[in-house]
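Have a look at the model first, and then we'll follow its strands.

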Amino acid sequence: MLYTRRTFDFEYKPEEADAVLLGIPWDSTSTGRPVRYGPLFIRQAIRELVGWDPETRFNPFEKLKLADLGDLEVVEGDWRETEKRIADTLKGVRFPVILGGDHLVSLGVVKALKPKAIVQLDAHPDMHPEWMGNPFTHLTWAWHASKICPVYQPACRIWAEDEEVRKGLPKKGPVYLTIDLDVLDPREAPEVGNPEPGGLTWEELLEIVRRVCKLGLIGFDLVECAADRVGSQTACRAANLFKKILCYLWHEKG
Ligand SMILES: [Mn+2]
């Protein structure tokens, strides 16, 4: 008998898992609070979750095959190399769940997965072609991603004059879903890279997430978590989003 504790009680091989967790503690382009400890504290919050979800009558931790790859070894300040490592690491992974890290990590994941559409739940559109001379930052990733496929931003609430925002949702999926935790109001998720007032409540966010999950997903990420301690509200919200999304996607099949 082994008396040990891991993220999930039973860990499957990544190639046979329904969903595979990967932390990407990259924050070299952060302009606000450090977000590199997001994966650490979200993982801890996942361990503290109650598995059963009364809404969907489903326990994803019992019913799904889950795996945790740990954290990507990022190369600080070197996006090209880090992006390559993301692509290599995701090879053969059917359904990745990424914990960030700043929002640039989503670009690396999108380049590896090549989705037909992206749904970005975020206070900001991140649609600058470059930021202070740098093309690859958390403020520019969506501009690059929009060259690969359409990026829908239904919950965007603050943008620069020259940024374009595409509201609404795609007609059909599957899509890649990226959630910047600053989409929530700072009262609910205070520890984020760049907080903005007037965000969604937890219930409003879940309403959109339910609709997106009905389209079908090929993977998702939870980014910009600036947690710096156990018990962070933002990490708790992220962990619960992880569970809720698994429930919405799989409860009917389970
Ligand atoms: Mn944002």
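In what order do the seven strands form an open sheet? Reading across, the order is β2-β1-β3-β7-β6-β4-β5, and the pairing is parallel. Here two strands pair if DSSP finds at least two bridges between them; strands (E, at least two residues) and helices (H or I, at least four) are DSSP runs, numbered from the N terminus. At the edges sit β2 and β5 (151–152), each of which pairs on one side only.

A quick word on ground rules. This is a predicted model, where local features need pLDDT of at least 70 and side-chain atom pairs count only at pLDDT 80 or more, while totals for chains, interfaces and linings use all residues. Numbering starts from 1 along each chain as its sequence is written.

Now zoom in on β1, residues 19–24. On one side, β1 runs parallel to β2 (residues 66–71) over four bridges, with A19 partnered by L66. β1 is also joined to β3 (residues 96–100), again in parallel, by five bridges, and there V20 has P96 as its bridge partner.

Is β1 buried or exposed? Six of its six residues are buried, meaning that 20 or more other C-beta atoms, placed from the backbone, lie within 10 Å of a residue's own. That goes for both faces: A19, L21 and G23 on one, V20, L22 and I24 on the other.

Notes
Buried ≥ 20, exposed ≤ 12 C-beta atoms within 10 Å, placed from the backbone.
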